[in-house]
Structure formats: C-alpha cells, structure tokens
Amino acid sequence: MKFDTSHRDALQDILNWRRDIRHFRTDPVDENLLLRLQMAMDLAPSVGNARPWRVLRIEAPRLRAAVRAIFMAENTRAAKRYDGTQADAYHSLKLAGLDRAPVQLAVFTDTNPSEGHGLGRQTMPETLYQSTSMAIHTLWLAARAENLGLGMVSILDPHAIEQLLDVPEGWTFTAWLCLGYPETEDDSPLLHRNGWQANTQTLWHIR
C-alpha cells in the first residue's frame, strides 16, 4: 500500500479536529456505526498481540447515575486544590459528558491476559496499559472520522468503578469514554478556548 498526499492530508485533518468532547447531542448512534468502531479497535497495536483491553458498554440508568455520583464526589475533592482565579476557571469547565452522551464505555486493562502468552511484557508490564491506551486512541480517531466526538472522563475513583461494575479480578480500570455527536464543531480544544492550558511543543532532544 502506497499512501499519497490525500491520505496524509485526511489524517492531518482528523488529528487537528480530534477533540476531547464534553458537550454532546443526545441523538442515538447507529449500531452499524458502533460496530465499525468496535472493529477499528481490533486494528490497534498491542504488546505481544496481548489485546488486553476489555470494554463494557454501559446502558443501565442505575449504573450511569452511580458513575455520575462518583464523578461529582471526586470533582468536588479535585476542586479543593485550586484557589483564586484558577478555582474560578476550574469551576467554569464542563469536565464530563456523563449527563448527555448517548454511548458510554468503561475500558479496563486485563493485567494477565492469556493472549500474547506473555511476549514482550515480562520486563515492562506497563506495556499492557500502553496497549489499552493505543486501542482508545485508535477508537478516538476512527470516531472522529465518522463525525462523532469522544471524551475521556478522568475524574473518577478507579476502585469505585471496578466495584460498581463487579469486574473480574485482574481487570484494572483505565478509562471512561463518552461517545456521541458533538453539539458544536471546533478545531480548538476546550481547555485552549477557556484559557486553562495551551499545548506545549513536542521536542525531540538529541543525545
């Protein structure tokens, strides 16, 4: 396969417009589209082909309400570390799409998967978590190419989520993902627009 400039430009557009979405429309997402995204995750790289990501699609209103409660508790605790104008800025941010996103995924990392037979992770077991992260990023880009938005909710207590969802021993909570159609389209990240933090440049230092 030889890629040309049209492929490169399309990828650059997807990277530029990939946003961590917080504001969702409540429109349902077609099941065939979700299946394509599920299949896209199968293309993600992983250490030793271990495929350690485990994904739960959370539909039950009881579970969604419980996750929102966990978020609110952790968000209140996190807010206490800021003061002054930074505290005001923190409170102005909408930090989760839990209330509106039509599709919500709980992603875990299996810390001892049978897949891969242990290849490549003996000296660096953290590569399992890195593999799950790559699967999430693959999903993120594939979703954007389908004109969907994805947001990652990080203000959650991992142990509380594991208990709530009663996951098997050895599954470690990695990410809560909100997926759906964004309310607005913008190539500027929310944290940039709100003045919280601009990007720092990636540097490749030579040694």
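Serine 131 makes contact (heavy atoms within 4.5 Å) with Pro45, Ser46, Val47, Pro52 and Trp53, leaving aside residues up to four places away in sequence. This serine sits in helix 5, where helices are DSSP runs of H or I with at least four residues and strands are E runs of at least two, both numbered from the N terminus. With a relative accessible area of 1%, serine 131 is buried (under 20%; exposed is over 50% and partly exposed in between, with a 1.4 Å probe and protein chains only). All of this comes from a predicted model, in which local features need pLDDT of at least 70, side-chain atom pairs count only at pLDDT 80 or more, and totals for chains, interfaces and linings use all residues. Residues are numbered from 1 along each chain as its sequence is written, and side-chain values use heavy atoms, with hydrogens and water left out.

Helix 5 (residues 127-145) also meets helix 2 (residues 31-41): their axes come within 8 Å and cross at roughly 145°. Axes here are lines fitted to C-alpha atoms, for helices over the stretch in contact, with angles from 0 to 180 degrees between N-to-C directions. Helix 2 brings Leu37, Ala40 and Met41 to the contact, and helix 5 brings Ala135, Ile136, Thr138, Leu139, Ala142 and Ala143. Sorted by class, that gives eight nonpolar residues, one polar and no charged ones (Ala, Val, Leu, Ile, Met, Phe, Trp, Tyr, Cys and Pro are nonpolar; Asp, Glu, Lys and Arg are charged; the others, Gly among them, are polar).

Next comes the sheet, which is open and built from four strands in the order 1-2-4-3, with antiparallel pairing (two strands pair if DSSP finds at least two bridges between them). On average, neighbouring strands are turned by 30° against each other, direction ignored. Helix 2 packs on this sheet, touching strand 1, strand 2 and strand 4, and its direction makes about 165° with that of strand 1.

Strand 4 (residues 171-180) is largely enclosed by the rest of the structure, because eight of its ten residues are buried. It is joined to strand 2 (residues 103-110) by eight bridges; leucine 105 has leucine 177 as its bridge partner, and threonine 109 stands opposite threonine 172. Strand 3 (residues 149-153) is joined to strand 4 by five bridges, with valine 153 partnered by tryptophan 176.

The whole structure holds two aromatic pairs, where rings of Phe, Tyr and Trp (its six-membered ring) pair if their centres lie within 6.5 Å, and planes under 30 degrees apart count as stacked, over 60 as edge-to-face and the rest as tilted. Phenylalanine 108 and tryptophan 171 have ring centres 5.8 Å apart and planes at 40°, so this pair is tilted. Phenylalanine 108 lies in strand 2 and tryptophan 171 in strand 4, 63 residues apart. For phenylalanine 108 and phenylalanine 173, the centres are 5.7 Å apart and the planes at 65°, so that pair is edge-to-face. It ties strand 2 to strand 4 across 65 residues of sequence. Together, the ring pairs link Phe108, Trp171 and Phe173 into a cluster. Phenylalanine 108 is buried at 0% relative accessibility, tryptophan 171 is buried too, and phenylalanine 173 is buried at 11%.
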